[in-house]
Amino acid sequence: MTTGATLTAVGRPLTRVDGPAKVTGSGRYAAEYTLPGTVYAALVGARTACGRITDIDTRAAENADGVLAVLTHRNLPKIAGPPHLLPSLAGHAAPGESFFPMQDEAVHYFGQPVAMVIADSYERAQFAARQVHAHYERSASTTTLDEGRDQAYEPEAIFAGFLPARSVRGDVAAGFQAATQRLEATYHFAANHHNPIEPSATTAVWDGDRLTLYDATQGIVASQNTVAALLGVPPSKVRVHAPFVGGGFGCKAMIWPHVTLAAMAARHVRRPVKLALTREQMFTACGHREEQEQHLEIGATDDGRLTALRHHKLSLTSPFDDWAEPSLSIASQAYACPNYEGVYRLVRSNTMTPTFTRGPGETTGMYALECLMDELAYRIGVDPVQLRLRNHAESDPNTGHPWSSDGAHECYRRGAARFDWQSRNPEPRSRRDGNWLIGTGMATAGYPVFFPMQPQRARARLYADGSAVVQCGTQEFGTGSATAMTQVAADGLGVSLENVRFEYGDTDLPNVAATVGSAGAGMISAAVHTAATTLRDQLIEQAIADPDSPLHQADPAAVVVHAGRMELRDRTASGESYRDLMQRHFMTDMDALGSWSPPPPDVPYGLATFGAQFAEVAVDPDLGIVRVRRMVGAFAPGRILNARTAHSQAMGGMLWGIGQALLEGTVVDPRDGRWANASLGEYLVPVNADAPDVAVEFVEVTDTVVNPLGVKGLGEVGMVGAAAAIANAVFHATGYRARELPIRIEHLL
């Protein structure tokens, strides 16, 4: 093998290769595949939080025009076996919860599917679904933390079994004893729900015993394996297409029941079935960020060096799964605190199983930690940036291993300089603009680097005309991965960008794991790079072995490829093109399968991406209105594959931080367990009018551990710390410390 590709396309701000398809509408999403004979399914959700169905009247629905079938627990086939909550990070089966609806009369949460109507049009299916009338024997329910606080328990593990519920290092009691400064606070976080542009949808069609799904998913292989397992068919009998996905952010990482229900409906009526969730059903069908409470205590010396950190989390989970987002993970690693205790406690409640939501855990855990760190900075009179620099962990505090790469110091420096942090007066309420109180705040950003559990694969094929196709079984859900992988493939092969086509979105292509946990760019680029460089090296070896080649008997390590031409590094006149070599050997094409195996779990390095967030806010003291005026984020995500799409990813995360801080919160009605604001009219998200000036700085760090190109991931870290920076700015403006999210007008009046 030669030493590696020369990177000339990677990093450039290439415009999206899928842009024309999206702008013209030729790029189709899951609900836009209308096959001959397609019919439509609509789900009916339970109208109580807990109980059992005593009767379900489907007669009016069955007699409605165009209705082909109504399925309930009385006539829906049983699944092959109970689902097991397996994380999509593994790339295998990934049911969203270890429960499948419509198997019996039990109701566990409001909105749980209790019936499914299939009709010849979407409108008729929705109309008939409203004619299904279920009657319930209601039982006492738990829907809020306060209702179940006295029933809290400590599980063995959380996050689908990946993480222990308790983590300790050092001696926390001794650490607090050594502290001269001690602070504690409790933070409450409202539940959050996903609202991607594209609601989840699945189109299912059977051809004999073979099933094809067009699914809105972040993991086509996870969809394939999950549905196959639930139906009791081999995965080879299930094919999943997902070339375009209209946003995921975690709600499309796990495979929720509606995907398998669409397949069951299609098998029942023997026609293609399209099942698209309504916007309201997105609040009851795809998980959410759970309601949670975090209690922190920190101990420090008078100069601000941490001596102890105790971080406890209490949150709601479903009746069947020990799920909690890992809020304590990066918060336990960000600072060099020798004594630490982290504990998760859960309350079983009548809700569906929570799930990944952008920056799952890190956004909430770092919010709590960074707000308390800001309090410490004010108490001891140290600049907040200097306090972070003073405590930054130069190695992983949990293991003592060095970071695979760091960059945090440069992020603080670059972010502070871009924001003009040094010019601020730290005194709260010291700056005004007319009637507005102006405040500035900052926070640390951080996110773990995750690896899939199995090899990642891609295929590269070069044609004699010089064009290339690279294939990988992933999906494009708005992050620009198709564009970035085109750049990776071009550099790996040594050909120009316009000669490369990247094919994806089909489980018949070489498989990779689901794109979650900011792992997508790293693992897909590793597979694509490996396939491309393997093919390149095969062609170089063939040229070296060919007596008619100018490169005959050359040292492979001395050969470079540029614009499809193989040449000696120190004598570029000696060489030939791929085209010449292949035509001389009467080859129409040549291909190679690349397989990249991720580092083992016990790799002796700390693995994290770091950054720094800065925000300026204006607060109207009379009305309690908060406006975010500007934000600066500096991040060190390893190698940047595409400067344009990377900037968009970071900016999107930062803007979502505005939602977390000021707008987003779902409220449950404890009378029936219903989400009371399950619509975009009442669940508030930032819009263009809320968007401030956003500046993004990238600190590129070299990382030789995580994957061949040193890509650490960027999708999540842009959100982490953004809400804390805003809350700390609100304190600087008003003197109010936000212990509850979102920060509401009434908090500031």
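So, a cavity here is a set of grid points where a 1.4 Å probe fits but cannot get out. Keep that in mind, and keep in mind too that this is a predicted model.

Let's start with the cavities. There are six of them at 30 Å³ or more. What lines it? Sixteen residues is the count for the largest cavity, with V449, F450, A519, G522 and N707 lying nearest its centre. If you sort that lining by class, you get ten nonpolar residues, five polar and one charged.

Now hold on to F450, and let's go to the open spaces. The second largest pocket comes in at about 1,100 Å³. There are 36 residues lining that pocket, and the ones closest to its centre are F162, L163, Q333, P448 and F450.

Which elements give two or more residues to the pocket lining? Those are strand 8, at 163–164, strand 9, at 166–169, and strand 17, at 340–348. Strand 9 has the largest share, with four residues. By class, the lining of the second largest pocket splits into 22 nonpolar, nine polar and five charged.

Okay, on to helix packing. I've got two pairs for you.

Pair one is helix 6, residues 220–231, and helix 7, residues 257–269; their axes come within 10 Å and cross at roughly 55°. Angles from 65 to 115 degrees would count as roughly perpendicular, and under 35 as roughly parallel, so helix 6 and helix 7 are oblique to each other. Their crossing is right-handed. On the helix 6 side the contact uses V227, L230 and L231, and helix 7 brings V259, T260, A263, M264 and R267. That gives six nonpolar residues, one polar and one charged in the contact of helix 6 with helix 7.

Pair two is helix 15, residues 643–663, with helix 16, residues 722–734, and here the axes come within 7 Å, again crossing at roughly 55°. That angle makes helix 15 oblique to helix 16. Which hand is the crossing, left or right? Helix 15 passes helix 16 in a right-handed one. From helix 15 we have M654, G657, I658, Q660, A661 and L662, and they meet A722, A723 and I726 in helix 16. The contact of helix 15 with helix 16 has seven nonpolar residues and two polar ones, with no charged residues.

That's my tour. Happy to go back to any of these on the screen.

Technical notes
Residues are numbered from 1 along each chain as its sequence is written. This is a predicted model: local features need pLDDT of at least 70, side-chain atom pairs count only at pLDDT 80 or more; totals for chains, interfaces and linings use all residues. Side-chain values use heavy atoms; hydrogens and water are left out. On a 1 Å grid over the protein atoms alone, a cavity is a set of points where a 1.4 Å probe fits but cannot get out, and a pocket is an open set with protein on both sides within 12 Å along at least five of seven lines; lining residues have an atom within 4 Å of a point. Grid points are joined across faces, edges and corners, and a volume is the space filled by probe spheres set on the points. Ala, Val, Leu, Ile, Met, Phe, Trp, Tyr, Cys and Pro count as nonpolar, Asp, Glu, Lys and Arg as charged, and the others, Gly among them, as polar. Axes are lines fitted to C-alpha atoms, for helices over the stretch in contact, and angles run from 0 to 180 degrees between N-to-C directions. Angles under 35 degrees count as roughly parallel, over 145 as roughly antiparallel, 65 to 115 as roughly perpendicular and the rest as oblique. A crossing is left-handed if the near helix is turned anticlockwise from the far one by less than a right angle, and right-handed if clockwise. Contact means heavy atoms within 4.5 Å.
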